[in-house]
Amino acid sequence: MDKKVSDKKERLLAALDQGMVMIHLDARRPGVLVPASLRGEAHLRLNLSYRFEPPDLTVGEWGVRSTLSFSGSRFTVAVPWSALFAIASHVTKEFWMYPEEMPPELLQQPPVASASVARPPQPAPVPMPVAAERPRTFLREVQSDHSDEPELRPEVAAAPPPEGSPPEEPQPPRRGGHLRLVK
């Protein structure tokens, strides 16, 4: 196995151990197996994770194989290392790119945010409303006036039970709510 393939494999396995990973690939390359609707994609992105509980996620000498869900349908994908040109970890936000494997049309696209590209003029800043100028309030602890005993409320005299019915058992005193409105 050459050094580049070894590097891709090690980085992908390390990122998968951390959590979800997005692989970027050219689905038109030989050996790539993806659903027919995605076979013409020059830049296809697939999410892989052990948390998906894939029955067959394999990262080997040849490349990556796994059964993934596409629009609710399961499909076994196969991605040779030569088709994979970037790996991104959703957890650590790390991104590894292999430009020599990228499709030529992606390399020819101008960068999205370049200093040499003229940017349209920015609109004038909108003045902040007066309410936004108020100082921000902070939460603070409210000291409780009550002890740990439940709050007792005066009993309301209930109507006597009708004759011939069994006597009611005494009800425990009602507790007050534990939430209070603080203004």
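**Reading salt bridges**

Student: I'm looking at Arg28. What is its relative accessible area?

Tutor: Arg28 comes out at 41%, so it counts as partly exposed. Keep in mind that this is a predicted model.

Student: Which residue does Arg28 form a salt bridge with?

Tutor: The general idea goes like this: side chains of opposite charge can pair when their charged atoms come close. In this structure, Arg28 pairs with Asp26, and their closest N and O atoms are 2.9 Å apart.

Student: And Asp26, buried or exposed?

Tutor: Buried: its relative accessibility is 4%, and the cut-off for buried is under 20%.

Student: How many salt bridges are there in the whole structure?

Tutor: A search finds eight. Another one joins Asp7 to Arg11, with 2.9 Å between the closest N and O atoms. Both sit in helix H1 (residues 3–18), four residues apart, which is about one turn of the helix. Asp7 is partly exposed at 22%, and Arg11 is partly exposed too, at 31%.

Student: Which parts does the pair Glu101 and Arg29 tie together?

Tutor: Start with the distance: their closest N and O atoms are 3.5 Å apart. Glu101 is in the loop between strand E7 (95–97) and helix H2 (104–108), while Arg29 is in the loop between strands E1 (21–25) and E2 (44–48), so the bridge ties together parts 72 residues apart in sequence. Glu101 is buried at 11%, whereas Arg29 is partly exposed at 22%.

Student: Which residues are joined into one network?

Tutor: Through shared partners, salt bridges link Lys4, Lys8, Asp26, Arg28, Arg29, Glu101 and Glu105. Your Arg28 is one of them.

Note on methods:
Residues numbered from 1 in each chain as written. Predicted model: local features only at pLDDT ≥ 70, side-chain atom pairs only at ≥ 80, totals over all residues. Heavy atoms only, no water. Salt bridge = Lys/Arg side-chain N within 4 Å of Asp/Glu carboxyl O. Helix = DSSP H or I, 4+ residues; strand = E, 2+ residues; numbered from the N terminus. Buried < 20%, exposed > 50% of the residue type's maximum accessible area, 1.4 Å probe, protein only.
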